[in-house]
Amino acid sequence: MDDADDLWAALVEYIGEVAERLQDPAPAAVGATWAIDENARGLPSWMNSELAYVAGFALVEWLISRAAEVSELRMRDSEEFLFALVRKLQSRYVLDPIERPAHRRTCSVCGERAVIVSWVVDDTGEAACRVCGATYGTEAIQHGEADG
Ligand SMILES: [Zn+2]
């Protein structure tokens, strides 16, 4: 099971819950899910990345067109789980370290001006020293503690 499977399964489970509460049939793409004992596990093996993109888009479109009703359901637990997963995967795949030498901060561990913000999504993020590898969490980034 890989990251795409995790994300697909989380999205499908969330949509399934929304569809049930709204008494609104889930989009057909939900049916294309690899499941074991009715628990969504991921993408079916026949689905390639192009099909997965189209199907994923259909799922998201379905949710967006019901955004007002969905927000009334107040499914905070499911939403936090899903969004946390999306953020985790974004940090892994989408966002490369942003090179802005002028904004490098001084590392409080090794003293080099080599601390670069790797990624910040909403209120989570991380900065790392390119020289010694020391990492700094969101708190440190926001409060400038990495300035030393
Ligand atoms: Zn360092």
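## Close-up views around helix α1

**View 1. Helix α1 and what covers it.** Helix α1 spans residues 3-22 and has 20 residues, reaching 28 Å from its first C-alpha to its last, close to the 28 Å expected at 1.5 Å a residue; the expected span of a helix is 1.5 Å times one less than its number of residues. The model is predicted, and local features need a pLDDT of at least 70, side-chain atom pairs count only at pLDDT 80 or more, and totals for chains, interfaces and linings use all residues. Residues are numbered from 1 along each chain as its sequence is written. Helices (H or I, at least four residues) and strands (E, at least two) are DSSP runs, numbered from the N terminus. The buried residues of α1 are W8, A9, L11, V12, Y14, I15 and V18, where a residue is buried if 20 or more other C-beta atoms lie within 10 Å of its own, exposed if 12 or fewer, and partly exposed in between, with C-beta atoms placed from the backbone. What covers these buried residues includes β2 (39-42), α2 (49-64), α3 (67-73) and α4 (76-93). An α-helix has 3.6 residues a turn, so residues three or four places apart point the same way.

View 2. The protein has 5 helices and 6 strands, and from the N terminus on its elements run α-β-β-α-α-α-β-β-β-β-α. Of its 148 residues, 16% count as buried. Among contacts between residues at least 6 apart in sequence, 45% join residues at least 24 apart, two residues being in contact if their C-beta atoms, placed from the backbone, lie within 7 Å.

**View 3. The packing of α1 against α2.** Helices α1 and α2 pack at an angle of about 30°, with their axes 11 Å apart; axes are lines fitted to C-alpha atoms, for helices over the stretch in contact, and angles run from 0 to 180 degrees between N-to-C directions. The two helices, α1 and α2, are therefore roughly parallel to each other, since angles under 35 degrees count as roughly parallel, over 145 as roughly antiparallel, 65 to 115 as roughly perpendicular and the rest as oblique. The crossing of α1 and α2 is left-handed, a term used if the near helix is turned anticlockwise from the far one by less than a right angle, with right-handed used if clockwise. In this contact, A4, L11 and I15 of α1 meet A52, L59, W62 and L63 of α2. By class, the contact of α1 with α2 has 7 nonpolar, no polar and no charged residues, where Ala, Val, Leu, Ile, Met, Phe, Trp, Tyr, Cys and Pro count as nonpolar, Asp, Glu, Lys and Arg as charged, and the others, Gly among them, as polar.

**View 4. The packing of α1 against α4.** The axes of α1 and α4 come within 10 Å and cross at roughly 155°, and the helices α1 and α4 are therefore roughly antiparallel to each other. Their crossing is left-handed. On the α1 side, D3, D6, L7, A10, L11, Y14 and E17 meet S78, F81, L82, L85 and L89 in α4. By class, the contact of α1 with α4 has 8 nonpolar, 1 polar and 3 charged residues.

View 5. P27 lies in the loop between α1 and β1 (34-36) and counts as partly exposed, with 19 C-beta neighbours inside 10 Å. Leaving aside its neighbours within four places in sequence, P27 is in contact with A58, L59 and W62. L63, in helix α2, is partly exposed, with 15 other C-beta atoms within 10 Å. The C-alpha atoms of L63 and P27 are separated by 9.4 Å, although the residues are 36 apart along the chain. Not counting residues up to four places away in sequence, L63 touches I15 and V70.

View 6. Most residues other than glycine have a negative phi, and most peptide bonds are trans. Just after α1, Q23 takes a positive phi of about 55°, and Q23 is exposed, with 6 other C-beta atoms within 10 Å. R74, which is not a glycine, has a positive phi of about 50°; R74 is placed in the loop between α3 and α4 and is exposed, with 8 other C-beta atoms within 10 Å.
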